[in-house]
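The sequence and structure come first, followed by the notes.

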Amino acid sequence: MKLTFLGATGTVTGSKYLLQSGAKRILVDCGLFQGYKQLRLRNWEEFPITAYEIDAIVLTHAHLDHSGYLPLLVKNGFRGKIYCSEATLDLCRILLPDSGHLLEEEAMHANRHGYSGHAPALPLYSEADAVRALDFFEPMPFDQAFEVVPGLSARFTLAGHILGAAIVTLRSATTSITFSGDLGRMHDPIMVAPGIVEESDYLVVESTYGDRTHDPADPAILLGQTIRETAARGGVTIIPSFAVGRAQSLLYEIYKLKQKGEIPDVLPVYLNSPMATDATALYMRYRHQHRLNKHDTEAMCHAAKIVNSVEESIALNQRQVPMVIIAASGMATGGRVLHHLKAFAPDSRNTILFAGFQAGGTRGAAMLDGVPAIKIHGEYVPLNAQVRQIDNLSAHADGNEIVSWLRHFRKAPKRTFVTHGEPPAADALRRRIKEELHWDCRVPEYRDQVELS
């Protein structure tokens, strides 16, 4: 086998791993780069091999930094199968067309207002491209081996990160390699703990929070406090949120806060993300993949008023009353939350509350760094609102949880590759693995290629 790292190196985005097994080429994950412009430009670069030379794709989960490049690959000629779990397919049916729609919308907006460096600005792919890509998906069950290509099998193990998230183990007659994907939390209030993998010749492990430990305090404390204080000022709490995973965690915590009387039951809460609405409904279908009982799942699904139309979304920006708005995207890189930020960021009564990891180069990271203004749709918007972050609502395992998961291996892999982390996080996890587990471990660079014997 030969492994090439085509993403998630030096960054938490763009996950792509090209595995060559004999004459076959398999791509594990197919994500978009996000954040810094030099990373986003990689989405437009020519792919290292032609799309039709890829025999199959295996997805760990549906988040766009792992699946969002698929429509472009299909547009450029990929005709193999895309293997994933059933819930991942259901989520990709929501996420990928929406991604294409947003890319088209952003290109049209840039052309209309003339702030793009290209004439005309074109989308990376269209909504129609994304819908076409769905025809190539092949859902497979967890905990059962299946053939990816002749001579190479795969097995999905629950990763616990979001619905459908999988740890992927690929195995030939002589060699095995495991990709952790995004590992969930050991004691997440909603998702189950990651499943155990006991052996693999090689391992690729994520390191998003590899250099830190999540605060053990209940994240609902800061969430409730922020919402109460903002409402007392007459302000609006804007929560940029990933539509899949984070939005549902927030809805569940808000439901519990209202149940306990820690935020007023009459305080309006809006979920302004059609994607998040559709994704939330899937929690009823896939109840075996999370911890909530039927009553709590239904309560989570009804914890906010759903904003469906663009007109309703625009109308929210005219309301000058205390409320909570949860809207995609989680790093404020696109979507409806941008229009809310334009409307509410200039007012010091309001709060922008981040509830997830903010990759370098994103608006979210810039706001947390204290910039005085943020650029949206070619214009700078003053940032006078308070900016806060809930660190411990993450759906990613922290450094301790990752190492705890690794300790279940009965023997050390021949080599472990640390990816999907900013450089400090990836290197911190590398050191821990080397010093505590005494494993052969390295942090690969973009486009590094290694032989797996």
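## Histidine 420 and its contacts

In this predicted model, histidine 420 touches Ala8, Thr11, Val12, Ser15, Asp65, His66, Asp182, Glu206, Ser207, Thr208 and His396, leaving aside residues up to four places away in sequence.

Histidine 420 sits in the loop that runs between β20 (415–419) and α14 (423–437). Its relative accessibility is 2%, and because the cut-off for buried is under 20%, histidine 420 counts as buried.

## Nonpolar cores

The largest nonpolar core contains 93 residues, and Ile57, Leu73, Phe137 and Leu406 have the most contacts inside it. This core lies between domain 1 (2–212 + 395–451) and domain 2 (219–389), because both domains give residues to it. There is also a second, separate core of 28 residues, with Phe5, Ala8, Val148 and Leu152 among them.

For leucine 406, the residues touched are Leu203, Val205, Ile433, Leu437 and Trp439, again not counting residues up to four places away in sequence.

## Methionine 108

Methionine 108 belongs to helix α4, which spans residues 86–113. Its relative accessible area is 49%, so methionine 108 is classed as partly exposed; the cut-off for exposed is over 50%.

Proline 120 is 12 residues from methionine 108 along the chain, and the C-alpha atoms of the two are separated by 8.9 Å.

Definitions and conventions. Residues are numbered from 1 along each chain as its sequence is written. This is a predicted model: local features need pLDDT of at least 70, side-chain atom pairs count only at pLDDT 80 or more; totals for chains, interfaces and linings use all residues. Side-chain values use heavy atoms; hydrogens and water are left out. A nonpolar core is a set of buried Ala, Val, Leu, Ile, Met, Phe, Trp, Tyr and Cys residues joined through side-chain atoms within 4.5 Å. Buried means under 20% relative accessible area, exposed over 50%, partly exposed in between (1.4 Å probe, protein chains only). Domain bounds come from an automatic or database domain assignment. Contact means heavy atoms within 4.5 Å. Helices (H or I, at least four residues) and strands (E, at least two) are DSSP runs, numbered from the N terminus.
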